[in-house]
Amino acid sequence: MALKKKIPTLNDELDIRLFLYITRKNLLFVTILLITAFIGSYMYLRYTHPIFEARVIIQVNVQEQTNKILNVGNLYEDGLQKKIVLLSSPLFLKRALSKLPLTTSYYVEGNILSFEQFNSAPYKIWANIKDPVIYGIPIKIKFDRSLKCTIRYEIPGKGEQSRSGNPDELYVFNEADLKVVLEPQSNLQDYVKGLTDESFFFIINNPDQVVPNISSKLSTSILDASANTILIRLQDRNAQKASAILNTLAGEFQQYDVEQKQESANNILQFIDNQLSLIKDSLISSEEHIQSFKKDNNIDSLFIKNIPNLLMKIGDIEDEYNKVGLEIAGLNEMENYFAKSEIVDSYRLLAYLAIGQFPAPVLTLLTPLKDLLVQIEQLKYSVTTNSGQIKNLDYQIDIQTKLLLQTIQSYKIKLKEKQNQVKQLLEEYKKDVVVNSSQNNALELIRLQRIYSINEKYYNQLIETKANYAIAKAGYVSQNIILTNSEIPTIPIYPAPRLIYVFSLVIAGFIGLIIILVKYLSYNEILSIEDITRYSTIPILGVVPKYPKAVPESMMIVESQPKSVFTESLRAIRTNLQFIDNDEGPKVISVTSTVSGEGKTFIAINLAGVLAFSDKKVIILDLDLRKPKIHQRFGTDNKHGISTILSKIDNLADCIIQNDQSKLHYIPSGPVPPNPSELILSPLMDEILEGLKKHYDYIVMDTPPIGVVTDSLRCLQLSDYPIYILKANYSKKVFIENTERLLTQNHLTRLSVVLNAVEPLSKSYDYTKGYGYGYGYGYGYGYGYGYGYDYSYYDEEEGNGYHFSLLNKIFHYFRKK
C-alpha cells in the first residue's frame, strides 16, 4: 500500500483553513509590525523638516501693443520654452537672487529641529571673509541679558574659536571678521528671556553655491501653452523664504524683459542717428552745390520750365540710373559688413531691417538670420559660449551668412545689368537731341536737384523711423503678466502625515502578509486529520485536544479532570480500540512516535488511566530504556525496572508498582542499560508479556520514538493495538511516510494513528468524530460514536484557557466546508 499522493515540499494547494490558522498564529507579530510602523512614522514626522512649496504663475505675451500701433515689429520675439530656459538660467538667477539677503542664513535651535529665520532674525551679520573654509560652518551666537554676545565656532582640525563683545564691534577671527548688528526696534531682549543659551546660530553661505542650491529646488514648466502661462515652483524648508524668492524672480523677469527691449531699441536708434548724420551732411553739400551751380550759370526756375520734354525724359532716365546705383551701394555696404565681421551683431541687423529697403530674396534670408541671432542672445544667459547649443547656432548662422552673401552678389549682378541697360538707354536719348550750353546747364541742375530729392526722401524716412522707435521705446512695459503672486504657504507638501501613516501601515501589512504567505507555502507540519487522510490510508484512531493549561508532573489529566473534553477524547479512543480487535482476553497496546516531543508518554499514561477507570486492570511498561520518564510522572525512583528484569537482576513481581488508582500499575524502565535494543529483542521480553497477560486486561507499552531508534518495531509487532502518535502543528508531514512503511513493509495491519494536541477551533468542536477503518479481512468498521457534546459541558473549572474569537469561528466554518 503506497501513499495516496506524494507529499510536496511546498504547499501547492489552496487551504483556507491552514492560511487562517497561520494568520491567527502570527497576528501578534503582524500587530507588533503595524505598531512599529506607526511609531516609526510618528518618529519620522517628528524629526523631519517640513517642506513648503511656493508658486507663481506668469503669462507671457509675445507682441507689444506699441509695436502693433506703429508697425515697428516685435524686436525681441520669444517662445515659452525660451522663457523657461531664461528663468532657469544661472546668470538670470544670480541677478535676481542678488537682491535678496541670502549670503547669510540665520537659525534658531528648537528642542529637536532647527528653523531658519528668514528676514525675521533679531540681528544681522556683517562678514569679511578671509578663508573660505568658514563657509557652511554653524557659528553660534549667545546673547546675555545686557545684549552682549559671544560668537564661537569650530572648524575640524583647527579647534574652537570664541570672541565676546558688544554689538557693532568687530570680532576678528582667523577665517573672517564679523560684526553683529541689532535690528532696529528689535524685541531681542524679550526674546532672549524665553531662549536657552546658544539657541541662535548662523551660517555664512558660499556665494558660488547660492544659485546652484536654489536652482536645485526650482521647477519651471508650461502650465497652459494656449494661454502662454508658465508655472514656477520652489520648495524650501522656510515658507517665507520660498515665497520671497519666487516673487523676486517674477519681478526681475518683468524688469529684464523691459531692459532687453529697450536695449534693442537703443541700438537701432543709435544706428539711425549715425545714418542721419551722414545723410544730413550729404543734403547740406548737395544743396550748397545746387545754389552754387545756379549762381555760377545764372539759372533761374523759369528757365528750367522751358526745357523740352525730351530733356525731361533724359532726366528721368538719369534718376532711374541713380536709384539703381543707390541700391547697389546699399548691398555693397551690407556685403562688406557681413564679409568683414567675424561676429554678426543682432542689433545692427535689426537696424538694417528697420531702415533698409531690400529685395525680396535678400529679406527671405535676413529674417531667419535674425531669429538665429536672437536665440544666441537668449542662450547667453543660460549656457556658456563654448556649449554645444551655441556652437550649433553659430554653425547655422555661418551657413545662413554665406547664403546671404551669395544672394547679394547674384542680385548685384542683376542690378548692374539693369544699370548698364539704363545707361545705354540714356546715351541713345542723348544722341537724338542737340542741346546748347544753356540747356545743358539746366539739365545738369535738374540732375542735381533729383539727387537732392532722393537724399531728402531717405533722410525723412530715417526721421520717421527714429520717431516711431523712440515712441515705441517710451511705451515699452513688460507684457509678462504675473497672474498669481506667491502667497506664503502654510501647509507643507512633505511630509504628509496621513500619507506617511497610510504608506507605512500598508508596507508593514504587506510585509506581514508576505511573511504569512512564506510560512504558508513552507508550512510542513500536520495541522488536522485532513492532512493525514489527504496523503495516507492509515486509519485514524482518535484526536486528542491540546491541553490549555500547564500539564501536571504526573500527566494524569483523566484523573484530575474526568469530565473534560480531553478525557472524553481518550474515552473515544478506548471505544475505538474495540473496532480493531474485540476478541476476549488481555490486550497489548504499544505507543510510539517518530521523534521525541510528540506526546507518546502523555497519551500512554492517560490512555492507561481511562482504561483503568473502566474497571480494567492495566499496567504501564516504560520501554523507553534510553530516556525513561514514567518513574518521574509517578514520583518514584528508577533503580529497578524493565532493564533489570531483562538483565535477570530482578524478577517481574518485585518491579511492579501500584499507582494511587488500584487498577493501574506500572513498571519503570530501570537504570539505562548499555544494550537497550538487545534487551528488548531478547526472548525474555515475550515471556514478560505472557506473564503479565495472566494478571492484567491491558498492557500499555511506552516505547521509544521509532523514527530515532528501532526498538519500538519489536514492541509494535508484539502488540494487539499498535498506536502511532502524531502531534498537530509539530509533526512533519513526511512523518506520514513512516506510518505507510510500517503498514506495507512491516505488515503492521492494525497500526492506527492518534493526532495529539489539536487546537480547539470552536466551542462545539468534536474530538470524538469517527473515522473509517479497514483491514485485511475485508470488514469495514466506522469506529467512534461521535458524541458531539458541547465543549462547555466538559469544563470543570472557569477560565480553562480557551478563547474563541471571530477568527476561530471563520476557521471552523472553512473546516466544515
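Predicted model: local features only at pLDDT ≥ 70, side-chain atom pairs only at ≥ 80, totals over all residues.
Ring pairs join Tyr106, Tyr123, Phe143 and Phe200 into a cluster.

**Aromatic pairs**

The structure contains 15 aromatic pairs. One of them is formed by Phe143 and Phe200, with ring centres 5.9 Å apart and planes at 85 degrees; an angle over 60 degrees counts as edge-to-face, so this pair is edge-to-face. Phe143 belongs to strand E5 (residues 139–143) and Phe200 to strand E10 (residues 200–204), so the pair links distant parts of the chain, 57 residues apart.

Tyr547 and Phe566 make another edge-to-face pair, with ring centres 6.3 Å apart and planes at 70 degrees. Tyr547 sits in the loop between strand E14 (540–545) and helix H17 (557–560), while Phe566 is in helix H18 (residues 565–577). The two residues are 19 apart, and their pair too is one that links distant parts of the chain. Tyr547 is buried, with a relative accessible area of 15%, and Phe566 is buried at 3%.

The table sets out the two pairs described above.

| Pair | Distance between ring centres | Angle between planes |
|---|---|---|
| Phe143 and Phe200 | 5.9 Å | 85 degrees |
| Tyr547 and Phe566 | 6.3 Å | 70 degrees |

**Helix H5 and its partners**

Helix H5 (residues 90–97) has a contact with helix H4 (residues 80–88), where the axes come within 5 Å and cross at roughly 55 degrees. H4 and H5 are therefore oblique to each other. On the H4 side the contact uses Leu86, Leu87 and Ser88, and on the H5 side Pro90, Phe92 and Leu93. By class, these are five nonpolar residues, one polar residue and no charged residues.

H5 also packs against helix H7 (residues 207–217), at an angle of about 105 degrees and with the axes 10 Å apart. Angles from 65 to 115 degrees count as roughly perpendicular, so H5 and H7 are roughly perpendicular to each other. Here H5 contributes Pro90, Leu93, Lys94 and Leu97, and H7 contributes Val210, Val211, Ile214 and Ser215. Six of the residues in this contact are nonpolar, one is polar and one is charged.

**Helix H15**

How far apart are the end C-alpha atoms of helix H15 (residues 497–522)? At 1.5 Å a residue, the 26 residues of H15 should span 38 Å, and the end C-alpha atoms are 37 Å apart, which agrees. The buried residues of H15 include Ile500, Ser504, Ala508, Gly512, Ile516 and Tyr520. Helix H1 (16–25) and helix H2 (27–46) are what the buried residues of H15 pack against.

**A residue between two helices**

Ser682 lies in the loop between helix H23 (676–681) and helix H24 (683–693). With a relative accessible area of 16%, Ser682 is buried. Along the chain, Ser682 and Leu646 are 36 residues apart, yet their C-alpha atoms are separated by 7.8 Å.

**The whole chain**

The chain has 27 helices and 23 strands. Of its 817 residues, 45% are buried. Among contacts between residues at least 6 apart in sequence, 79% join residues at least 24 apart.

Technical notes
Residues numbered from 1 in each chain as written. Heavy atoms only, no water. Axes fitted to C-alpha atoms, helices over the stretch in contact; angles between N-to-C directions. Helix = DSSP H or I, 4+ residues; strand = E, 2+ residues; numbered from the N terminus. Parallel < 35°, antiparallel > 145°, perpendicular 65-115°, else oblique. Contact = heavy atoms within 4.5 Å. Nonpolar A, V, L, I, M, F, W, Y, C, P; charged D, E, K, R; others polar. Expected span 1.5 Å × (residues − 1). Buried < 20%, exposed > 50% of the residue type's maximum accessible area, 1.4 Å probe, protein only. Phe/Tyr/Trp six-rings, centres within 6.5 Å; stacked < 30°, edge-to-face > 60°.
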